Amino acid sequence: MLKFFVGGNWKMNGDKESLGELIMTLNTASLNDETEVVCGAPSIYLDFVRSKLDQRIGVAAQNCYKVPKGAFTGEISPAMIKDCGIDWVILGHSERRHVFGESDELIGQKVAHCLESDLGVIACIGEKLEEREAGTTEDVVFEQTKVIADNVKDWTRVVLAYEPVWAIGTGKTATPGQAQEVHEKLRGWLRANLSDAVADSVRIIYGGSITGGNCKELAAQPDVDGFLVGGASLKPEFVDIINARGPK
């Protein structure tokens with residue numbers, strides 16, 4: 001069984017006061033030692049969060065650009081993220097794809113540069129509602145995964161996050177069966193197109209309206225290796241989600 005991975009994506013939420021309270025909750029909580037936890041903070045608070053959050057919990061940037069430095073107003077680079085003591089970055093989130101128009105190609109370039117810069121990557125993929133209803137879920141997620149895979153030389157620092165777009169922030173969650181089906185097919189794609197070693201070692205995590213109420217059933221699925229949590233990661237129930245699999 002792969003080490004369970006729970007990421008919290010705080011998105012564009014919080015201030016020093018509210019995030020400080022959340023950090024205090026996490027620092028004093030009893031967390032499963034067998035679960036790797038990483039919190040994705042707004043870039044302006046990365047330094048603040050890393051200085052306050054217990055070292056047993058990782059911190060991620062929510063995005064970055066594809067080059068080390070330059071005339072790219074408003075962007076941050078992997079080098080800057082590393083300079084703040086941060087070890088992870090979230091790339092390809094559906095909001096980056098569909099709100100800000102990032103292409104598969106750009107996301108792939110970011111993945112390559114981040115890995116070359118020794119940042120761990122939480123790489124997001126997922127289909128929209130109309131794509132699921134049209135029966136093209138596999139086509140969409142396989143194509144997104146292929147572009148990511150084409151830019152990965154070392155899979156040890158990559159976590160693949162399957163997030164059906166129709167389940168993000170909507171209150172709708174893929175059923176445990178739906179999540180397991182896509183995760184199993186993704187692992188099969190890795191096995192067929194890369195290697196058994198990659199398929200057996202890469203953690204495939206689920207994201208999409210995860211709560212303290214539905215996390216245990218999702219965590220019990222054989223190919224669900226963790227979660228990427230949105231809204232609930234800003235609430236005390238995030239502790240329950242972290243502890244969704246197995247005894248502390």
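**Notebook: pockets, strands and selected residues**

I began with the second largest pocket, whose volume is about 200 Å³. I took a pocket as an open set of points on a 1 Å grid over the protein atoms alone, where a 1.4 Å probe fits, with protein on both sides within 12 Å along at least five of seven lines; lining residues have an atom within 4 Å of a point. The volume is the space filled by probe spheres set on the points, which are joined across faces, edges and corners. The model is predicted, so local features need pLDDT of at least 70 and side-chain atom pairs pLDDT 80 or more, while totals for chains, interfaces and linings use all residues. Residues are numbered from 1 along each chain as its sequence is written, and side-chain values use heavy atoms, with hydrogens and water left out.

**Entry 1: the second largest pocket**

I listed 15 lining residues for this pocket, and nearest its centre lie Thr35, Glu36, Val37, Arg56 and Ile57. Helices (H or I, at least four residues) and strands (E, at least two) are DSSP runs numbered from the N terminus. By class I found six charged, five nonpolar and four polar residues in the lining. Here Asp, Glu, Lys and Arg are charged, Ala, Val, Leu, Ile, Met, Phe, Trp, Tyr, Cys and Pro nonpolar, and the others, Gly among them, polar.

**Entry 2: the largest pocket**

The largest pocket came out at about 500 Å³. It is lined by 19 residues, and I noted Met12, Gln62, Asn63, Arg96 and Phe100 as the closest to its centre. Its lining divides into nine nonpolar, six polar and four charged residues.

Val38 stands opposite Gly58 in S3. I also traced S2, helix H2 (residues 46-52) and S3 as a right-handed β-α-β unit. Right-handed means that, with the strands pointing away from the viewer, the path from the first strand over the helix to the second runs clockwise. From S3 the chain crosses through helix H3 (residues 78-83) to S4, again in a right-handed β-α-β crossover. S3 and S4 (residues 88-91) pair in the parallel sense over two bridges, and Ala60 stands opposite Trp88 in S4.

Which way do the residues of S3 point? Across residues 58-61, Gly58 and Ala60 point one way and Val59 and Ala61 the other, and all are buried. Buried means under 20% relative accessible area, exposed over 50%, and partly exposed in between (1.4 Å probe, protein chains only). In a regular strand the side chains alternate between the two faces of the sheet.

**Entry 3: strand S6**

How many residues of S6 (residues 158-162) are buried? I counted five of its five residues as buried. Val158, Leu160 and Tyr162 point one way from S6, and Val159 and Ala161 point the other way.

I checked the partners of S6 next. Strand S5 (residues 120-125) pairs with S6 in the parallel sense over five bridges, with Leu160 in S6 as the bridge partner of Ala123. S6 also pairs with strand S7 (residues 203-207), in the parallel sense over four bridges, and here Ala161 stands opposite Ile205.

**Entry 4: single residues**

I located Asp225 in the loop between helix H10 (215-219) and strand S8 (226-229). Asp225 counts as buried because its relative accessibility is 4%. Its side chain makes a polar contact of 2.5 Å with the side chain of Arg187. Such a contact is a pair of N or O atoms within 3.5 Å; within protein, one must be able to donate a hydrogen and the other to accept it, and residues adjacent in sequence count only if both atoms are side-chain atoms.

I looked up two positive phi values in residues other than glycine. Lys11 has a phi of about 55° and lies in the loop between strand S1 (4-9) and helix H1 (16-28). At 19% relative accessibility, Lys11 counts as buried. Asp118 has a phi near 65° and is found in the loop between helix H5 (104-116) and S5. Is Asp118 buried or partly exposed? Asp118 counts as partly exposed because its relative accessibility is 43%.

Finally, I turned to Asn193, in helix H8 (residues 176-193). Asn193 is partly exposed, at 46% relative accessibility. Asn193 and Leu22 are 171 residues apart in sequence and 41 Å apart in space, C-alpha to C-alpha.

Terms used:
Pairing = 2+ DSSP bridges.
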